[in-house]
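I opened my notebook to look at one chain today. Come and read along with me.

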Amino acid sequence: MMVGADRSELSSRYQRFAVREASGRSPLYEHLAMGVAMDETVLSLIAGMPTSKQQPNLLFAAYRHVLGVPSNYAEFRKGLLDRSDAVRSVMLERSTQTNEPGRCAVLLPILASLPQPLALLEVGASAGLCLFPDRYGYDYPSRSLRPAEHTKPYPVFPCAAGETIEVPKALPQIVWRAGLDLNPLDAADPDEAAWLETLVWPEQIERRNRLRLALDIVAAEEPKLVQGDLLGPEFEALCRQAPQDATLVVFHTAVLAYVTADEDRRTFADRASTLSDIWICNEAPGVMPHLGFTAADAPTQGAFLLSVNGQPTAWTDPHGSSIVSA
Ligand SMILES: C[S@@+](CC[C@H](N)C(=O)[O-])C[C@H]1O[C@@H](n2cnc3c(N)ncnc32)[C@H](O)[C@@H]1O
């Protein structure tokens, strides 16, 4: 097991999180992360965790899971030190599997433009919420789309689309769907659903409400989610199960950053493009360096690069609230 980076590196990581990720999105997480960055005692506590468990997002979500939302750093610090064993065990047991169905809004322009019907295979699916783009509503600047059939209330995702983005006229027709994940979550399990809700940052109430609606829809669908590594044999086995008379779309969003070796990401990319009809990659730009873009090229801080069959096509908001051509 890799044991923690040193405290000054950890302090910089929490500062970077505050400035680059939380600023403008979550005043509370920005405040907590800046507090942690300057707190030797708390940094020592985190440094004792395995490196993969030291993320700010995981610490703050685990804290909230045990103690609720703190109102300031002093309350957070006291709660964390008093209940460090409980927070630590949540951090060791769970991970940041944030499932954001709003990302369907930036996949939709591609999905709707393909020969229908579609077979969808999501790699790194978490609870599989992004496997149901046909079950949600969307508000683009020039058009709104709503699901044809629905028995439950559905979330509506607002998405600002640049003028050159072809906004879909209709939702895609999906005849088969499956997900692969190291640790598939069950939307119907109240404990796992609650963890996914806790991963949404505290101020993002609308986002959490939409997540709740998507979880209810997917819980009733019981999607096929297979446990396995994206580099393992399960990926090819799932591709082979897709119906032959549908366009097989392999996609992933916010997953490859968890695959640390560049070589492994390239191996996966080669396999995905060989085994699928269409391969959609919606990831932070740096994780696929061969696409020729870096984070510095992004039009907004933290934007994802969306590529289709290895061709960069668009910059997308990491939670799916905007898309512009690349
Ligand atoms: C941040 S979540 C994103 C979930 C979903 N794609 C979305 O956009 O809402 C990343 C997911 O990738 C999964 N994951 C990470 N590394 C993986 C690997 N090597 N093989 C399969 N799944 C992986 C994690 O378990 C987690 O559920």
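**Ground rules.** I worked with a predicted model, where local features need pLDDT of at least 70, side-chain atom pairs count only at pLDDT 80 or more, and totals for chains, interfaces and linings use all residues. Residues are numbered from 1 along each chain as its sequence is written, and side-chain values use heavy atoms, with hydrogens and water left out.

**Whole chain.** I looked up 11 helices and 12 strands; helices (H or I, at least four residues) and strands (E, at least two) are DSSP runs, numbered from the N terminus. The radius of gyration is 20 Å, close to the 20 Å that the globule rule gives for 326 residues, so the chain is as compact as a globular protein of that length. Here the radius is taken over C-alpha atoms, and the rule is 2.2 Å times the number of residues to the power 0.38. I also noted that 51% of the 326 residues count as buried, meaning under 20% relative accessible area (1.4 Å probe, protein chains only).

**Strand E10.** Next I turned to residues 304-308, and five of the five are buried. Phe304, Leu306 and Val308 lie on one side, with Leu305 and Ser307 on the other. I reminded myself that in a regular strand the side chains alternate between the two faces of the sheet.

**Its partners.** Which strands pair with E10? E11 (residues 311-316) pairs with E10 in the antiparallel sense over five bridges, and Phe304 stands opposite Thr316. Pairing needs at least two DSSP bridges between two strands.

**The turn.** E10 and E11 form a hairpin with two residues between them, and Asn309 in the turn has a positive phi of about 50°.

Terms used. Buried < 20%, exposed > 50% of the residue type's maximum accessible area, 1.4 Å probe, protein only.
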